[in-house]
Amino acid sequence: MSKKSAPSEQPASFEDAMAELEQLVAQMEAGELPLEASVAAYKRGSELVKFCAGQLDKVDSQVKVLEGEMLKPFASDGDGGQLSGTDE
């Protein structure tokens, strides 16, 4: 058995995961991969997407903690992109 890539290997950072994901997408879009490699790339891409989503959830939680202490939330798209000073 070859250990070409460990399927559960975690990227070092969000940025590393995104870079790897972009590379996989480019290879798949270019048609550079045979069928088996495409399936493996798809599987790895799914793992990277889950990792990135988890990292974004962690950051979102941290931002919510900060918002409660000192930051004001941004206005929604319908408010013209300005900060809202008060809640309803």
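A salt bridge is a side-chain nitrogen of Lys or Arg within 4 Å of a carboxyl oxygen of Asp or Glu. In this predicted model, the side chains of Glu-20 and Arg-44 form such a pair, at 2.9 Å from N to O. The two residues stand 24 apart and join distant parts of the chain, Glu-20 belonging to helix 1 and Arg-44 to helix 2.

The structure contains two salt bridges. Besides that of Glu-20 and Arg-44, a salt bridge is found between Glu-47 and Arg-44, where the closest N and O atoms are 3.5 Å apart. Both Glu-47 and Arg-44 are located in helix 2, with a separation of three residues, or about one turn of the helix.

Arg-44 lies in helix 2, which spans residues 35–69. Its relative accessibility is 13%, so Arg-44 counts as buried, the cut-off being under 20%. Glu-20 is partly exposed, with a relative accessible area of 27%, and Glu-47 is likewise partly exposed, at 25%. The side chain of Arg-44 also reaches the backbone oxygen of Glu-9, at 2.7 Å.

Helix 1 comprises 17 residues, 14–30, and extends 24 Å from its first C-alpha to its last, close to the expected 24 Å. Within helix 1, Ala-17, Leu-21 and Leu-24 are buried. These residues cover an arc of only 65° around the axis and therefore lie on the same side of helix 1. Glu-15, Glu-22 and Glu-29, on the other side of helix 1, are exposed. Helix 1 is followed by Gly-31, which has a positive phi near 75°.

Conventions: Residues numbered from 1 in each chain as written. Predicted model: local features only at pLDDT ≥ 70, side-chain atom pairs only at ≥ 80, totals over all residues. Heavy atoms only, no water. Helix = DSSP H or I, 4+ residues; strand = E, 2+ residues; numbered from the N terminus. Expected span 1.5 Å × (residues − 1). Buried < 20%, exposed > 50% of the residue type's maximum accessible area, 1.4 Å probe, protein only. Arc of directions from axis to C-beta. Polar contact = N/O pair within 3.5 Å; in protein donor to acceptor, adjacent residues only side chain to side chain.
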